[in-house]
Amino acid sequence: MDQEKFYYDNRIVKYFLYATLFWGVIGMLVGILAALQLVWPELSFNTAMTTFSRIRPLHTNAVIFAFVGNAIFAGTYYSLQRLCKARMFSDTLSYIHFWGWQLIIVSAALTFLAGYTLSKEYAELEWPIDLAITIIWVIFGWNMFGTLLKRRTRHIYVAVWFYIATFVTVAVLHIVNSIEIPVNFLKSYPVFAGVQDALVQWWYGHNAVAFFLTTPFLGLMYYYLPKAANRPVYSYRLSIIHFWALIFIYIWAGPHHLLYSSLPDWAQTLGTVFSIILIAPSWGGMLNGLLTLRGAWDKVREDPVLKFFVVAVTAYGMSTLEGPLMSTKTVNAFTHFTDWTIAHVHIGALGWNGFLTFGMLYWMVPRLFGTQLFSRKLANTHFWIGTLGILFYAIPLYWAAITQTLMWKEFTPDGFLKYPNFLETVTQLIPMYAARAFGGLLYITGVIIGVYNLVKTVTHGKFIRDEAASAAPLDTISGRRIQGESRHRWLERKPVQFMIVSLVVILIGGLVEIIPTWLIKSNVPTIASVKPYTPLELEGRDIYIREGCYTCHSQMIRPFRSETERYGEYSKAGEFVYDHPFQWGSKRTGPDLAREGVKSGRLYKPDSWHYNHMDDPRKLNEQSIMPRYSWLLRNRLNSCTTARKISVMQKLGVPYPEGYAEQANDDLSIQAQQIADGLKSAGIEVRSDKEIIALIAYLQRLGTDIMEGR
Amino acid sequence: MKADPENNQERDQLTGDEIMHGHEYDGIQELNNKLPRWWLGLFYITIIIGVIYILRFHVLKTAPLQEEEYLTEMAAFEQTPSEEAPAPSSSSSGDEATVTGTRLTDAASLEGGKTVYDKNCAVCHLAQGQGLVGPNLTDAYWIHGGSFEDIVKVINTGVIEKGMIAWKDMLSVTDIQQVASFIMSLQGTNPPNPKAQEGTLFNPGS
């Protein structure tokens, strides 16, 4: 058969690769800043843009979608072309994808710093950017399937199965979790509220981990690890079983983020059960990676690329065992809302994603530039510093988590909380937070050494922009199964059918969990006394969201004596029916605020306290690590969109009286004046049109609907 | 090319494992190894655990769901009141001052009172009692009276309209006795930046 000559596009790989390094360094530097802010709150600089609660989402998004995202694309564009024996379907689509993605990252960074956020973790971006992500993602898929359809190999390799599953699942997750109604160009409310919003969000959030941080990286592992080791993949059968089991089971596990919350018990159970069943499918990937190295372990000792891969795959194995353990009620009762979660995700991010990325880059860059790696020694140094960095990062946080959770739950013999003041349990952690920041610093030092090494490699080589290759074209054979062909083998030569089957497999879990929660009334029992927010409270809530209060404060009191003693009556599903979006949070760096406004509660503080505390928490608590939010005392509340907000809420089913939008601003002014008058009698002169007034109104409303003392 | 598979199997040189025929992707080959048995065993065991879990919680109902678990936890606490002190809620009846006892002046009690104060009161009355959100506790002016009994009463029942919460369910009787004694010991300490006087001059003798 005649060989066809063609060229691989290496330039698009190079672009994504540079973007990976650039955003990696930025994202990690922002992470270090956030880590240091927890030790020295002054580093928030009393400026909205540089405050921890805006910096943290910037860090998580930069690392996930900019660093890891670009690494996925670099690795995919390189391997997909070679696995298909074809150039990418369209160079134009490739570069629209590249520049589109970078533009999304830049607009994400700018809008986060400016306070435009939906507050749904890892999906904080406002609706125009959500739309852009959808378009760029479709372009990526179009380009990928175009390439697959013109491929010169009969079957698609397991790496590509993972790319296909990634593409289709991320599309579904992103679209469903981003259904929102705009108020204006940069403000919208999600259509789901409370329990439903929480379920959809963590179905998304958990599966962003699964299908953005896991499946594409398993695909990359299946290509780069056997390549670098020059060894055959351990087991084709294991690939098949663990691939399908993984994508089917992963989808169900989202509710494990909401154990002991107001989510119905049956949904929590599904989250726990499927997380446990997920252990073996996850480990299938680890085993297929590690066992591929059989017979090549001598190479691991010498080759930094393989060292990075071995630690990456091991970190993957560790966090995929730890995750299911954290999804059991027994463990979750202790670890949830603590730094345990932060340590857990960093084993995944720094170990699995980070190290796999750097192993891949060290392997790929010399090949793109037709040269050798500049320094194997520096790569080894990077490896060791990075490994130490992971340990120094994670161990102090595990320690912090255990320390704090035990303090939260300890009672005196008299039956009182041993540490009733939440701050005591935070102050205890500061040395561990400092050690964590040091671990992060070590890790980024390794990264910078790596960047230097790669830059040196680039300057010593000559870039092969279009790499010549040749392969015979595919002859057409029957689209049906041929004799002796297994069903799966048939599917492997039918990428579109492969995608459809994947889509069906990943839809099942989500549908079973989300639709009943949405449709069956008994899942969210209504409570008559729960009323919509007043216009001023709604505006205050939007400030709460804008400033990212949810990054440190939960609004979900779990049914434990240690929580109800500390915070008050545990949270009920019916309390959140008007919460678009929900604000349950995932981490308690500060105390829970679900009953902040309840006057008979331990946490109740008068308006004047909130006023002073927002101005400078250290005026009241010398050891507080909460940032200052003093601009709230100066900023005028923008109430131009209040009426529109009410209308949008009405569209979402919030029962404001008909025509209430027109009356909203008047009611807002009256309530604001009452609060300002109250502050005046406490000796604080403040105009009623300041943002702080709205925020106080919201905080004093929290948790009061079902409690006395409103 | 269809030869006897027994003789025509390609084998990996290093491990001797069978290589899948026709599975070659950009130079990557695949081996025809079986699933590791322990791995498969693990998979089955986790599925069995999952089924048992669902049965126990939702079908047989032999394990408590979260609300029941909470009620059990609370009931267990209420059934075993501490011997040293009455359960927090039982101090609500009767004259608090009588229950609480009298002012203490020994160093250990004042030290205990200071600990309680630092944890609970300083966040409004500030670390040295100079006041900010709550009134200054170091001057002789009191809104609700400055006797030991007055202070205990305010601590117990709060003045919620001014933001002072009722502490009687959150602090033990001893805690309240000690912290009230500590607060009285702050009289005349003149800390810097005091809050302006509020209420009326209180004469201990009157």
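Begin by selecting the contact between the chains, to which chain A gives 52 residues and chain B gives 53 residues; two residues are in contact if their C-beta atoms, placed from the backbone, lie within 7 Å. This is a predicted model, in which local features need pLDDT of at least 70 and side-chain atom pairs count only at pLDDT 80 or more, while totals for chains, interfaces and linings use all residues. Residues are numbered from 1 along each chain as its sequence is written, and chains are lettered from A and ligands numbered from 1 in the order in which they are written.

Stay on the side of chain A that touches chain B. Elements giving two or more residues to that side include helix 2 (52-84), helix 6 (194-229), helix 8 (265-277) and helix 21 (607-615) of chain A. Helices (H or I, at least four residues) and strands (E, at least two) are DSSP runs, numbered from the N terminus. Helix 8 of chain A provides the largest share, seven residues. Coloured by class, this side of chain A shows 28 nonpolar, 11 polar and 13 charged residues. Ala, Val, Leu, Ile, Met, Phe, Trp, Tyr, Cys and Pro count as nonpolar, Asp, Glu, Lys and Arg as charged, and the others, Gly among them, as polar.

Now select helix 19 (residues 535-546) and helix 25 (residues 660-681) of chain A, whose axes come within 7 Å and cross at roughly 80 degrees. Axes are lines fitted to C-alpha atoms, for helices over the stretch in contact, and angles run from 0 to 180 degrees between N-to-C directions. The two helices are therefore roughly perpendicular (65 to 115 degrees). On helix 19 of chain A, pick out Pro535(A), Leu536(A) and Glu539(A); their partners on helix 25 of chain A include Ala664(A) and Leu668(A).

Asp607(A), Ser608(A) and Tyr611(A) of helix 21 of chain A meet Ile675(A), Gly678(A) and Leu679(A) of helix 25 of chain A.

Definitions and conventions
Parallel < 35°, antiparallel > 145°, perpendicular 65-115°, else oblique.
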